[in-house]
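Visitor: Please put the model on view, and let us discuss how its parts are arranged.

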Amino acid sequence: MTQPILEAKGLSRSFGHVRALTNCDFDIYPGEVVAVIGDNGAGKSTLVKALTGNLALDEGEIYFQGKRVTISSPQEASALGMEVVYQDLALAPHLNPVQNMFLGRETPRKGILGRLGFMDEKAMREAAVRGFAELGGTVRAMNAPIGSMSGGQRQQVAIARAISWADKVVILDEPTAALGVVQTENVLNSIKRVQAKGIAVILISHSMPHVLEVATRVHVLRLGRKVITYSASETSVEELVGAMTGALDKNGEAA
């Protein structure tokens, strides 16, 4: 590993008298899965919003591929090759998987038909099918509205959409929340496939077993500060929970 694909230094953000982030650092390398964990109010969502242009910072610097950048909007993050799958998925329930995958990024037909506003539905459908297949997806009802599908299938559509448009960083916010065992395993396998493509994955999760299964490293946040970073292969659920709650200090020792 030469340099992080995405790095943040000294991020701080306040909401009135509440310090949501205080001098928080973060880094992730290409093809790495970095989990960000912490109790409610630890600053996880604020960090993600700051990294993706959804929230202005009071202080701090963000670097992308070694160059300092200012990301002022989600569109600017997308232009860099970053996509986010939020917990609410941000899908249109009345549209089918293909329409959701290309929502706002539709492919026009070639020639005069495209200039008249006609979309290339065949090309979009073929691209969507390839995207789902690459992730080992089980989405087969391409013409059914998303609202009629299971939570696991909707999650796969959201992840496939992110992967189709992101070639550098994908951020997943609680991707296994409220999913069954089989659906959860499909999502975890999708994360592994994304990693295998050389894309960096930031995973926000409350499930410590899932974190340890797929993550390379684990950043622990508490009260808006990054308190410690663990190698996932060298830590345990007990150690992670202790760091989250403050039972362990920044050296991993009993506080």
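**Strands, a helix and a cavity**

Visitor: Which residue in E2 stands opposite glutamate 7?

Guide: This is a predicted model, in which local features need pLDDT of at least 70, side-chain atom pairs need 80 or more, and totals for chains, interfaces and linings use all residues. Residues are numbered from 1 along each chain as its sequence is written, and side-chain values use heavy atoms, without hydrogens or water. E1 (residues 6-15) and E2 pair in the antiparallel sense over seven bridges; pairing requires at least two DSSP bridges, and strands are DSSP runs (E, at least two residues) numbered from the N terminus. Opposite glutamate 7 stands, in E2, aspartate 27.

Visitor: Which strands stand at the edges of the sheet?

Guide: The open sheet has four antiparallel strands in the order E2-E1-E4-E5. One side of each edge strand is left without a neighbour in the sheet, because each has a single partner: these are E2 (18-28) and E5 (67-69).

Visitor: Which helix gives the most to the lining of the largest cavity?

Guide: A cavity is a set of points on a 1 Å grid where a 1.4 Å probe fits but cannot get out, and lining residues have an atom within 4 Å of a point. The lining consists of Ile159, Ile163, Val170, Leu172, Ser190, Ile191, Val194 and Val201. Two or more of these come from each of helix H6 (151-165), strand E7 (169-173) and helix H7 (181-196), helices being DSSP runs (H or I) of at least four residues. With three residues, the element giving the most is H7.

Notes:
1 Å grid on protein atoms, 1.4 Å probe; cavity = no way out; pocket = protein on both sides within 12 Å on 5 of 7 lines; lining within 4 Å.
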